[in-house]
Amino acid sequence: VYRSGQLSRLTESDYRQLAQLHIAAVCDFRRSDEKQSSPTRWPATPGAPEFVTLANPAPEKRSATDLLASGADAAEASRYLLDVYEKTVTTYAPSFKTTFRRILDSDDAVLYHCSAGKDRTGIFTALLLTFLGVPRATVVEDYLRSNAVVTDEQVEAMAKRTKGQPAAARIILSVDASYLQLAFATIDRQYGSLDAYRRSQLGLSDPDVARLKARLLE
């Protein structure tokens with residue numbers, strides 16, 4: 001199983017390397033507007049993966065770019081992401097369900113991604129690791145590793161592109177443990193427990209979880 005950000009900037013050399021990973025399916029969590037603005041152009045060669053159709057939500061009324069362009073500060077950017085995480089566990093449950101099923105049913109590797117590879121993809125990864133029995137502290141530690149690749153250059157470029165505040169741009173490009181904690185708390189509040197969410201929203205039975213462990217753990 002592989003996680004990624006958007007694939008729109010892959011080079012011919014990148015595709016040759018990816019071909020060695022035997023990726024059978026790609027699950028793209030991006031909305032239709034994101035796919036149109038940054039399309040994936042995977043060469044139609046023998047062995048190219050299937051692009052799985054996901055029931056992703058409609059475009060947001062207010063994107064992160066819109067938020068930054070409005071002059072939002074760091075606190076507003078953080079509240080924006082908290083709201084995103086609270087909604088994602090419900091709005092993306094159908095997409096997560098399809099992706100889990102694809103992982104279960106595939107004999108080869110599956111790659112899943114969103115735009116930055118940290119929020120929607122981060123929640124899905126946290127769920128996957130949790131179902132595999134990884135302790136919550138380790139799940140959060142893994143989630144926070146996304147911050148290691150945020151550079152000053154990226155922050156400056158986003159702030160310049162949106163005419164937004166650099167401090168807010170850094171928040172949008174980063175992750176925080178409180179976001180993931182809110183996602184899990186929302187699951188508990190709305191569905192009763194993570195196990196209830198797993199069964200009712202993700203369609204994963206106890207035998208399915210056992211199969212996931214058999215497939216992905218050494």
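**Close-up views of helix packing, sheet and salt bridge**

**View 1. Contact of H4 with H5.** Thr88, Val89, Thr90 and Thr91 in H4 meet Ala93, Pro94 and Phe96 in H5 (contact: heavy atoms within 4.5 Å). These contact residues divide into four nonpolar, three polar and no charged (nonpolar: Ala, Val, Leu, Ile, Met, Phe, Trp, Tyr, Cys and Pro; charged: Asp, Glu, Lys and Arg; polar: the others, Gly among them). The axes of H4 and H5 come within 5 Å and cross at roughly 55° (axes: lines fitted to C-alpha atoms, for helices over the stretch in contact; angles: 0 to 180 degrees between N-to-C directions). H4 and H5 are therefore oblique to each other (angles under 35 degrees count as roughly parallel, over 145 as roughly antiparallel, 65 to 115 as roughly perpendicular and the rest as oblique). Helices (H or I, at least four residues) and strands (E, at least two) are DSSP runs, numbered from the N terminus. The model is predicted: local features need pLDDT of at least 70, side-chain atom pairs count only at pLDDT 80 or more, and totals for chains, interfaces and linings use all residues. Residues are numbered from 1 along each chain as its sequence is written, and side-chain values use heavy atoms, with hydrogens and water left out.

**View 2. Contact of H4 with H10.** Helix H4 (residues 74–91) packs with helix H10 (residues 177–191) at an angle of about 40°, and their axes are 8 Å apart. The two helices, H4 and H10, are therefore oblique to each other.

**View 3. Contact of H8 with H9.** The axes of helix H8 (residues 152–162) and helix H9 (residues 166–173) come within 8 Å and cross at roughly 115°. The crossing of H8 and H9 is right-handed. Asp152, Gln154, Val155, Met158 and Ala159 in H8 touch Pro166, Ala169, Arg170, Ile172 and Leu173 in H9. Of these, seven are nonpolar, one is polar and two are charged.

**View 4. The four-stranded sheet.** Four strands in the order S1-S4-S2-S3 make an open sheet with parallel pairing (two strands pair if DSSP finds at least two bridges between them). Strand S1 (2–4) and strand S3 (50–52) are the edge strands, each pairing on one side only. Neighbouring strands are turned by 25° against each other on average, direction ignored. S1 and strand S4 (residues 109–113) run parallel and are joined by three bridges. Within S4, Tyr112 is the bridge partner of Arg3. Helix H5 (residues 93–105) packs on the sheet and touches strand S2 (23–28), S3 and S4; the direction of H5 makes about 175° with that of S2.

**View 5. Salt bridge of Arg3 with Asp142.** Arg3 forms a salt bridge with Asp142, the closest N and O atoms being 4.0 Å apart (salt bridge: a side-chain nitrogen of Lys or Arg within 4 Å of a carboxyl oxygen of Asp or Glu). This pair links distant parts of the chain, with Arg3 in strand S1 and Asp142 in helix H7 (residues 136–144), 139 residues apart. The whole structure has 16 salt bridges.

Definitions and conventions:
A crossing is left-handed if the near helix is turned anticlockwise from the far one by less than a right angle, and right-handed if clockwise.
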